[in-house]
Every structure is written in structure tokens, then in C-alpha cells.
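This briefing is meant to be read alongside the sequence and the model. The points are grouped by topic.

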Amino acid sequence: MILYDLPSGMHPRRVRIFLAEKGVTIPTKVVDSSKGENQLPEFLQLNPMGRLPVLQLDDGTALAESLAICRYLEALYPQPALFGEGAQQAAMVDMWTRRMEQQVSNTIADIFVHASEYYRTRLTQVPAYAEWSRVKIMSTLAWLDGELASRPFIAGQAYTMADIVAQCAFVLGKAEGIRIPSEQTNLTRWFAEVTARPTARA
């Protein structure tokens, strides 16, 4: 296997943290999107959408989308179980992973896309949408702070894919000035704990 990676990317970071939590190392190849390497024909053969990460298997199969890649890796390396163990726990992790992707990750990504200098010449930005998304994410953070009052991690008692999705989103959010308000003590505690894990800098 080989992982096509982008060190600064939010979605590739998910996979790197996931692998680090598993204690698994696989060969990687950096694809520099700032230089357009993700739009070269050889990369588009792997992922016609031109996005990272991509995991190419030994038989040549290319898996894109970070959650799909992590699902595949979970099947190969089931411990520690980052998608939950047993039907109920797995469903809870899926539920919270989806919520973190929809409500946190996608919202922060929208702010980055529509407000950052990186995308200034790459697409038509809508600054008003970025500002609307800023309001939305602050409301979401207040909601998540309340959820974390009753448990240590997003999906329950254990660190899971839901935490990985959220923490990677917050790392990207820092680039756009998104900070967890100090009064949100539960969310602040959670973020300090997940970013203190040895795998957080993977």
C-alpha cells in the first residue's frame, strides 16, 4: 500500500492520526496541491476528483475519502477499535462521526474555502457565506460543549474516529481564527486532551 498525502490537509491528517493510533506505518507520497500536482493526469487516474488523501492498494485499487480509507484500515488492523466495538457502539461512533463531519468539519472547511488566501485565485469565494459559517460554528461549539459535559470523548468513553474528525477540523479552524471560547470548559478540556495525545502531530 501507499498513501498519497498532503501534510497540511485536514482530511489527510485524519488518516495519519488514525494510522498512528493503530501503530501502523505505511509508505507515503506527498502530493503538493499548491503546485497543482493533484491535477496531473497520473494522479487523476487514482482519484478523478483530484482530492487527497488516496490509499492505493497492492492490487492497484485506489481508495479515496478519508473515512473510507480509515474504514478499510480498521478492518485490517481492528485494535484499538476506532470505529467502536459491537453493534451499538459502532452505531454511536458512526452517528457522532457523521455529526462532526457535517456540523463541525464541513462548516470550518467552508470558512477556509470562502475566506482564505489559498483559495482566492482558485475559485469564486462568497465572503458572506464564510461569515454565516462563522456564526454557525460558534453555535455548534456551544452545543458540543454541552454534550461533552457528560462524557470524556465525543462518542462516549473512548477516543474514536469522531474525535479525530473534530480535532482535525479545529486545527484547520485555527488558521481562520476560530477559537474555542474559554467559558466552554468541557470542549476546552476535550481539545487539550486530544491534542496532547502522542498521535496528534502525526
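Helices, of at least four residues, and strands, of at least two, are DSSP runs that are numbered from the N terminus. The model described here is a predicted one. In this numbering, Ser 33 belongs to the loop that lies between strand 2 (28-30) and helix 2 (41-46).

- Once its neighbours within four places in sequence are left aside, Ser 33 is in contact with Leu 6, Asn 38, Tyr 118 and Arg 122.

- An open sheet is formed by four strands in the order 2-1-3-4, and the pairing within it is mixed.
- Strand 2 and strand 4 (62-64) are the edge strands, each of them pairing on one side only.
- On average, and with direction ignored, neighbouring strands of this sheet are turned by 20 degrees against each other.
- Helix 3 packs on the sheet, where it touches strand 3 (54-56) and strand 4, and the direction of helix 3 makes about 125 degrees with that of strand 4.
- Strand 1 pairs with strand 2 in the parallel sense over three bridges, and Asp 5 stands opposite Val 30 in strand 2.

**Helix 1**
- Helix 1 (residues 10-22) has 13 residues, which at 1.5 Å a residue should span 18 Å, and this agrees with the 19 Å that separates its end C-alpha atoms.
- Helix 1 is largely enclosed by the rest of the structure, because eleven of its 13 residues are buried.
- The buried residues of helix 1 include Met 10, Pro 12, Val 15, Ile 17, Phe 18 and Leu 19, and also among them are Arg 13, Arg 14, Arg 16, Glu 21 and Lys 22.
- These buried residues pack against strand 1 (2-5), helix 3 (66-76), helix 4 (87-115) and helix 6 (161-175).
- Gly 23 follows helix 1 and has a positive phi, near 75 degrees.

**Cysteines**
- The structure holds zero disulfides; the sulfur of Cys 70 has its closest cysteine sulfur in Cys 168, at 9.2 Å, which is too far for a bond, because a disulfide needs the two sulfur atoms within 2.5 Å.
- Cys 70 is buried, with a relative accessible area of 0%, and Cys 168 is likewise buried, with a relative accessible area of 0%.

Definitions and conventions
Residues numbered from 1 in each chain as written. Predicted model: local features only at pLDDT ≥ 70, side-chain atom pairs only at ≥ 80, totals over all residues. Heavy atoms only, no water. Contact = heavy atoms within 4.5 Å. Buried < 20%, exposed > 50% of the residue type's maximum accessible area, 1.4 Å probe, protein only. Expected span 1.5 Å × (residues − 1). Pairing = 2+ DSSP bridges. Axes fitted to C-alpha atoms, helices over the stretch in contact; angles between N-to-C directions.
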